[in-house]
Amino acid sequence: MFDADYRALNNEQKQVVDTLDQNLLVLAPAGTGKTKVIALRTAYLVQHQQEPEKILCLTFTNKAAKEMKERIQLYIPEQIKKMTIKTFHSFCYHLINHEKENSHFSFPCTLIDEADSLAIIEKIIQTNKLNDDSVYYQQIISFFEDIKRHSLTFPLEERYHYKMIVEDYFKSQDQLGQLGRRREDSFLRRFGLKLLNTYRRYLLENNCIDFMDLIVEAKYLLEQPEILAKWRKQYDVIQVDEMQDTSSREYDILKLLAGRQLSLFGDFNQTIYEWRGSNPHQMTAEYRRDFSPLEIHLKINYRSTKNLLEAANGYISSSRLYPMQCIAKASNEGEKITILEAGTKEEEISLLEIAIKESMENTNSIAVLTRTNEYAKKIAYSFNKRGIECTVIEDTKFFRKKEVKELLAFYDYSINDRNGHALLKLGQHPYLNMPNWLLGELRNSKSCYMYLHDWFKSDSKDPYAILFEAYTHNNIVVLDVESTGLSTIKDDVIQIAAIRYGKEGVVDQLDILLKPTKSVGESYYVHGFSDDLLQKEGMEPKEALKQFVHFIQGAVLVGHNVNYDLQIIKSMMSRYKLEPIGEYQVYDTLDLAYKVYPKLSNHKLETLSKLIVTETIPTHNAMQDILATSEVLSHLLKHIEEKKQERLEKIEAYGCYVNEYREKLATIKSYLLTHNLTDGLTFLMNECDFKGYYHSSQIETIRNLYRIINELEDQTLSYEDNIINLLAFSALHYSEIEQSDLFKGRIPIITVHQAKGLEFDEVYIAGCNDKTFPSYRSLKEHQLGEEMRLFYVALTRAKKKLYISYHQEAPKSIFIDQISEDYKTLKRYGGISKNTI
């Protein structure tokens with residue numbers, strides 16, 4: 001198949017595929033075969049001895065990443081399994097979760113979506129009685145994102161000093177004249193810093209991370225020389241699709257990562273995310289300076305008819321967009337663009353209904369695009385009344401639906417029991433139905449190191465009683481591992497170190513090397529164990545794992561970010577078909593340190609070691625690290641002991657109310673961690689009778705969730721690994737709009753932003769009036785550039801037929817007049833006239 005597709009390439013496409021040893025800047029307008037070319041080039045690299053493990057392909061939407069994987073898999077189905085193909089955000093999440101010793105977050109951290117961020121902000125504002133009707137919560141999220149972006153301009157050591165960063169941000173905005181005129185700006189000046197600090201502490205406390213934190217934390221990690229060296233050696237070739245969506249901060253990360261080769265693919269005229277920091281002209285200028293790429297322009301369009309393509313080319317010229325003209329491959333002239341003119345908004349929608357009903361007789365690949373969600377909802381409401389089945393964005397946000405978020409919260413809590421945000425959802429779920437007064441009291445016990453999740457860890461009088469008892473009887477096992485790489489799923493443990501310790505110090509220890517199934521590669525520079533040494537002195541993994549299980553029998557397990565260590569051990573045991581290690585009481589010194597020192601800039605083992613002045617200095621040797629961890633634990637236990645009486649009083653007052661809920665949660669957590677994903681969902685719905693809490697349409701949504709997780713399930717992975725993959729998938733695939741099969745039988749009514757990357761036989765661009773498209777704000781601020789490009793994106797979604805509609809209650813969009821008269825016809829409401837404009 002590769003040979004046939006390669007022979008079919010045009011000259012410019014072949015040049016991209018054939019150029020394997022240079023950085024490339026490939027400018028590829030819509031429909032020029034960009035994804036196919038990236039896939040062929042990737043396969044060609046592998047055919048020419050490039051190690052697939054050292055290829056990183058990044059893009060900015062899940063749809064594009066999925067399409068890229070599917071295309072590459074056609075050519076090299078075995079080698080693709082070794083590649084990294086991700087969205088930019090999912091790659092940052094991957095990096096953070098695998099830098100367990102250096103990140104501000106512990107493994108596995110929970111990635112929260114915008115809906116969760118809004119809910120957290122609302123809770124913070126209400127708790128602090130800062131309600132202000134003039135301020136929308138979305139504006140506060142935007143402020144947080146601006147501050148986090150601004151923080152990246154500061155040196156690494158000042159990156160999290162938000163008081164200084166916020167002050168500098170307001171100063172820079174004053175100089176630009178961009179703040180101070182609106183009431184919400186005054187609110188942000190007064191309370192912005194307090195809200196940001198509270199929000200950030202909430203995320204750290206619950207081991208959660210938001211989308212902007214992904215960028216900030218990834219850059220923070222890569223600016224540390226040892227970490228950068230490790231990740232830079234991991235990839236020889238980096239290819240970035242949709243480069244025009246890359247913000248300057250994201251480009252900084254790419255520049256750090258790039259070792260041998262960095263190639264960018266995209267289309268300047270589809271830049272529609274300037275509001276989130278993308279500036280492709282500035283970014284590509286830096287890229288040209290930094291990497292001296294070979295530039296190739298793809299010019300032949302394989303998607304659209306001649307009329308549609310030439311109309312788009314003419315629009316580019318008249319609107320002064322980036323001059324990238326395309327040649328149509330198709331010989332079919334196609335129809336002209338139909339301009340639908342109506343007297344009122346209602347008549348415009350009626351005209352759309354008539355036209356679409358006619359179109360549905362010939363094709364089911366139809367979409368209605370709007371500039372705003374509000375107009376999309378208005379059209380959908382009317383369509384539904386007329387019996388036209390349609391889909392709006394709320395329908396496509398599958399993983400935002402209440403019933404889905406509730407069920408996923410149970411999976412989330414099972415692997416990240418520090419996540420009090422998820423636990424709060426569970427407490428409010430009908431299955432538990434905890435009274436609000438009780439949840440409030442349980443959340444109000446932090447002063448004695450009792451966080452919400454601590455109430456559900458054990459049925460003892462004190463959540464730390466088991467830990468203190470184990471300390472008294474020298475029955476704590478502190479553990480750490482070293483591995484061949486960063487993945488708990490694919491990499492091998494090559495060292496297991498553990499000590500049994502307590503008040504008498506270290507009473508026993510285990511320190512064993514394991515023979516890996518793969519080369520240690522670049523990880524040698526982290527832990528210092530060579531392939532030769534491990535083959536000579538290493539134990540067979542199966543036997544080593546059995547020794548470890550024997551060593552920890554009956555102990556309480558402790559480690560710094562210990563979930564990572566336990567997860568990779570569990571994954572190894574699953575791979576070697578060994579019995580699971582069972583349930584143990586586990587305490588994480590990272591969690592304990594956060595409770596005792598919540599305002600510390602970070603809670604890395606190295607930072608705590610310096611603060612406490614441990615005798616043992618942590619290194620990347622597992623035994624050294626656990627000795628340092630044991631000293632940190634002893635120090636933290638003294639602080640925790642001091643608050644024992646206060647804890648006991650709290651437990652005496654409220655503990656009896658918690659027992660019933662604790663048992664229910666423990667049963668669910670145990671089941672989810674010992675069964676596959678679909679069995680877990682069936683258990684929740686049937687054994688826990690969740691189906692009694694949801695109405696019929698919600699039950700149907702849950703059936704769809706069952707089908708999705710059944711497809712995601714990987715039988716070669718452990719139960720916990722599968723849960724981690726499910727939660728990452730749900731957070732990063734926040735909208736089903738990227739899965740076009742869900743449009744079947746329904747007309748998608750979506751915004752142009754949401755339609756980017758999609759294509760349809762027939763497209764209707766609705767509501768093309770001034771102050772709507774282009775937007776009122778862009779006209780007022782004389783910032784039409786992004787609106788022009790957005791209209792170009794809308795024009796290029798159609799393959800065969802394009803309609804543009806407007807009404808006479810407001811002037812028609814200036815963009816309509818920028819389309820040449822040669823390529824459009826007018827149709828007025830009611831069929832009064834039909835003329836060439």
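Across which strands does helix α2 lie? Select residues 11-18: this helix α2 lies across β1 (24-27), β7 (261-266) and β8, running at about 150° to β8. Helices (H or I, at least four residues) and strands (E, at least two) are DSSP runs, numbered from the N terminus, while axes are lines fitted to C-alpha atoms, for helices over the stretch in contact, with angles running from 0 to 180 degrees between N-to-C directions.

The model is a predicted one, in which local features need pLDDT of at least 70 and side-chain atom pairs count only at pLDDT 80 or more, whereas totals for chains, interfaces and linings use all residues. Residues are numbered from 1 along each chain as its sequence is written, and side-chain values use heavy atoms, with hydrogens and water left out.

Next, show the open sheet of six strands, whose order is β3-β2-β6-β7-β1-β8 with parallel pairing; two strands pair if DSSP finds at least two bridges between them. At its edges are β3 (84-87) and β8 (294-297), each of which pairs on one side only. Neighbouring strands of this sheet are turned by 15° against each other on average, direction ignored.

Now select residues 55-59, strand β2, which pairs with β3 in the parallel sense over four bridges, and find L58, which stands opposite K86 in β3.

Move on to helix α11 (residues 225-234) and helix α12 (residues 248-257), whose axes come within 8 Å and cross at roughly 75°. The two helices α11 and α12 are therefore roughly perpendicular to each other, a term that covers angles of 65 to 115 degrees.

For the last stop, select K518 and D491, whose side chains meet in a salt bridge (3.6 Å, N to O), defined as a side-chain nitrogen of Lys or Arg within 4 Å of a carboxyl oxygen of Asp or Glu. K518 is in the loop between β16 (505-513) and α22 (524-527), and D491 is in the loop between β14 (476-483) and β15 (493-502), so that the pair, 27 residues apart, links distant parts of the chain. The structure holds 43 salt bridges.

Terms used:
Contact means heavy atoms within 4.5 Å. Angles under 35 degrees count as roughly parallel, over 145 as roughly antiparallel, 65 to 115 as roughly perpendicular and the rest as oblique.
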